[in-house]
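Student: I would like to learn how to read a sheet and its aromatic contacts from a model. Can we go through one together?

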Amino acid sequence: MRTMIVELGHSDSIIERWGSPGPQDQMPGFVDVSVLLNRKYSADEEEVVIITRWDSEEAWKGWEKSDVHIQMHRQGRTQQRPSFIKDIKVKLYHQKAARNGSISL
């Protein structure tokens with residue numbers, strides 16, 4: 001799970017990037033990505049939460065160690081983080097329970 005705090009009005013670019021297909025979609029064990037938005041985080045900031053799910057920790061580690069993922073991060077190091085991104089936190093969770101229902105977006 002990746003939580004990003006961005007200046008008010010800048011969440012759309014984050015949502016577009018993370019909501020679009022990417023190279024991880026083709027990796028074995030990739031399940032899905034959900035992008036959540038909290039526009040009422042504060043008076044001048046928004047919170048974007050990106051939840052990427054894998055069918056196992058091993059599948060996720062395979063993505064982390066893949067050449068394409070490493071190259072993406074190498075390219076990112078040469079670019080400065082956009083000034084509208086105020087904070088990023090990344091956490092790893094293990095799913096312990098789930099329920100399915102009809103969800104319509």
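This is a predicted model: local features need pLDDT of at least 70, side-chain atom pairs count only at pLDDT 80 or more; totals for chains, interfaces and linings use all residues.

Student: How do strands of a sheet pair in general?

Tutor: Strands pair through backbone hydrogen bonds, in a parallel or an antiparallel way. Here four strands make an open sheet, ordered β2-β3-β1-β4, with antiparallel pairing.

Student: Which strands stand at the edges?

Tutor: β2 (30-38) and β4 (85-90) do; each has a single partner strand, so one side of each lacks a neighbour in the sheet. On average, neighbouring strands of this sheet are turned by 15° against each other, direction ignored.

Student: How many bridges join β2 and β3?

Tutor: Eight bridges, in the antiparallel sense, with β3 covering residues 45-54. As an example of a bridge partner, Leu-37 has Val-48 in β3.

Student: Now the rings. How many aromatic pairs does the structure hold?

Tutor: It holds two. To class a pair, look at the angle between the ring planes: over 60 degrees is edge-to-face, under 30 is stacked. Phe-30 and Trp-54 have ring centres 5.4 Å apart and planes at 75°, so this pair is edge-to-face. Phe-30 belongs to strand β2 and Trp-54 to strand β3, so the pair ties together parts 24 residues apart in sequence.

Student: What is the geometry between Trp-54 and Trp-63?

Tutor: That aromatic pair is stacked, at 6.4 Å centre to centre with 20° between the planes. Phe-30, Trp-54 and Trp-63 form one aromatic cluster.

Student: Are Trp-54 and Trp-63 buried or exposed?

Tutor: Both are buried, and Phe-30 is buried as well.

Key
Residues are numbered from 1 along each chain as its sequence is written. Side-chain values use heavy atoms; hydrogens and water are left out. Two strands pair if DSSP finds at least two bridges between them. Helices (H or I, at least four residues) and strands (E, at least two) are DSSP runs, numbered from the N terminus. Axes are lines fitted to C-alpha atoms, for helices over the stretch in contact, and angles run from 0 to 180 degrees between N-to-C directions. Rings of Phe, Tyr and Trp (its six-membered ring) pair if their centres lie within 6.5 Å; planes under 30 degrees apart count as stacked, over 60 as edge-to-face and the rest as tilted. Buried means under 20% relative accessible area, exposed over 50%, partly exposed in between (1.4 Å probe, protein chains only).
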